[in-house]
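Hi,

Here is the model I promised to send over.

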Amino acid sequence: MFLKINKDELFISEGGNDRVSVFGLDGKFRRNIGSRGGVEAGTFMRITGLTIDEEGRLYVGDRMTNNIQVFEPGGAFYALLSNETASAGLKTNPVGLAVRNKKIAVAVPLAQKVQLYDLQAPMEILQERKK
């Protein structure tokens, strides 16, 4: 389970349901983002991280599909960051995610490294730190 607070909302990844549930800070349910599925946009197989950028976009890592899906603040699908878009590779299990200043850091534990990507470029690795 992964948690993130953004403004007045709490985002919770639900491993058993393979979706992200959004609640108000008052505890009231607001909406779900995504569903169990496969490789289609808006579906997940195994959520392994989530974060939110300065514009309110939600980034969700999926270790079974080796990709990161991006959603608009209201929950609409926005983009897919995957092996196809990453020339240097989201090759295995994107787990921990962090976004700031149009850059995303992705922890890839099976490869024992953290990769830093520029979201304004065609997903080239800016910096990589191996353990």
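Some housekeeping before that. This is a predicted model, where local features need pLDDT of at least 70 and side-chain atom pairs count only at pLDDT 80 or more, while totals for chains, interfaces and linings use all residues. Residues are numbered from 1 along each chain as its sequence is written, and side-chain values use heavy atoms, with hydrogens and water left out.

Start with the open sheet: 4 strands in the order E7-E8-E9-E10, with antiparallel pairing. Its edge strands are E7 (47-52) and E10 (77-81), each of which pairs on one side only. From one strand to the next, the twist averages 20 degrees. For the terms: strands (E, at least two residues) are DSSP runs numbered from the N terminus, and two of them pair if DSSP finds at least two bridges between them.

E7 and E8 are joined in the antiparallel sense by 5 bridges, and Thr 51 has Tyr 59 in E8 as its bridge partner. These two strands make a hairpin with 5 residues between them, and Gly 56 in the turn has a positive phi of about 85 degrees.

On to the next pair: E8 (residues 58-62) and E9 run antiparallel and are joined by 5 bridges. Gly 61 is partnered with Ile 68 in E9, and Leu 58 with Phe 71 in E9. That hairpin has 4 residues between its strands, with Asn 66 in the turn at a positive phi of about 55 degrees.

Leaving out residues up to four places away in sequence, Val 70 touches Arg 57, Leu 58, Tyr 59, Ala 76, Phe 77, Tyr 78, Ala 79 and Leu 81, where contact means heavy atoms within 4.5 Å. Its C-alpha atom is 9.4 Å from that of Ala 41, which is 29 residues apart from Val 70 along the chain.

Now the rings. There are 3 aromatic pairs in the structure. The Phe 23 and Phe 29 pair is edge-to-face, because the ring centres are 5.7 Å apart and the planes are at 75 degrees. Rings of Phe, Tyr and Trp (its six-membered ring) pair if their centres lie within 6.5 Å, and planes under 30 degrees apart count as stacked, over 60 as edge-to-face and the rest as tilted. Phe 23 is partly exposed at 24% relative accessible area, and Phe 29 is also partly exposed, at 47%. Elsewhere, ring pairs link Phe 44, Phe 71 and Phe 77 into a cluster.

Cheers

How values were computed. Buried < 20%, exposed > 50% of the residue type's maximum accessible area, 1.4 Å probe, protein only. Axes fitted to C-alpha atoms, helices over the stretch in contact; angles between N-to-C directions.
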